[in-house]
Amino acid sequence: MKNTIDFLVKLGTLKGKKRRGWVVHRIKNPETTAEHIFRMTFLAWLLGRKKRLNIEKLIKMALVHDICEVYAFDETPYDPLLPKDPKEQKKIKAILKRWPTFSPAEKKNKVLKKYTRELKGLKKVVSALPNDLKAEMINLWMDFEKGLSPEGRFLKQVDKAENLLQGLEYWKREGKIQRHLWGRWSKEIFDDPVLIDFLKDIDKKFHKR
């Protein structure tokens, strides 16, 4: 039981860990990693039913997908371009007005570094759990990262959909999000019919006259 409690205490730190993307955008009271996991899990459950997916697997995978951030850095696509000094707001604002682009080699290197860093963080989070539970969580995370199953491939897009929904909520509230960039990005990311319908309804909700 001690190891279970220690694991839960580690997860509890995610309740106070603000999502870096929103911090960079200087959003007031930005969501935490735990809040993102919470709503993403519900989104996966609700939309997963429409696809007749394994809901138990989907929910477990959603719960596990970001717990590596107890230890791993929450990197945004902008991070390689941002100045190290957060006080350089003029430079930061200019960078956030354009969607970051990288060469294929740079993208591959970024993905590999992120995967390695987050897998190391995940293994540290689950290290004291029973072997079967530890293995299940690591396998679910790898499935999500690599899209090894229908659930993993679907959830990868659900993760982005929840992020888009949160971004539009902040845009409506504070106007700091570059909505047109997010719209272009979403067209490049989403190909699942259920999620495309969901995004159309989001668009209607936030852009109605």
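I began with Thr76, which I found in the loop between helix 4 (55-64) and helix 5 (89-96). I note at the outset that this is a predicted model.

Next I looked up two residues with positive phi. Asn29, which is not a glycine, has a phi near 50°, and I located Asn29 in the loop between helix 2 (20-24) and helix 3 (33-48). Its relative accessibility is 71%, so I counted Asn29 as exposed. Arg52, again a residue other than glycine, has a phi near 55°, and I placed Arg52 in the loop between helix 3 and helix 4. Arg52 also counts as exposed, at 79% relative accessibility.

I then turned to helix 6, which runs over residues 104-125 and has 22 residues. From its first C-alpha to its last, helix 6 reaches 31 Å, close to the 32 Å expected at 1.5 Å a residue. Which residues of helix 6 are buried? I listed Tyr115, Glu118, Leu119, Gly121, Leu122 and Val125. They lie on the same side of helix 6, because they cover an arc of only 165° around the axis. On the other side of helix 6, I noted Ala105, Leu112, Lys113 and Lys120 as exposed. Finally, I looked up what covers the buried residues of helix 6, and the cover includes helix 1 (2-12), helix 4 and helix 7 (131-146).

Technical notes. Residues numbered from 1 in each chain as written. Predicted model: local features only at pLDDT ≥ 70, side-chain atom pairs only at ≥ 80, totals over all residues. Heavy atoms only, no water. Helix = DSSP H or I, 4+ residues; strand = E, 2+ residues; numbered from the N terminus. Buried < 20%, exposed > 50% of the residue type's maximum accessible area, 1.4 Å probe, protein only. Expected span 1.5 Å × (residues − 1). Arc of directions from axis to C-beta. Contact = heavy atoms within 4.5 Å.
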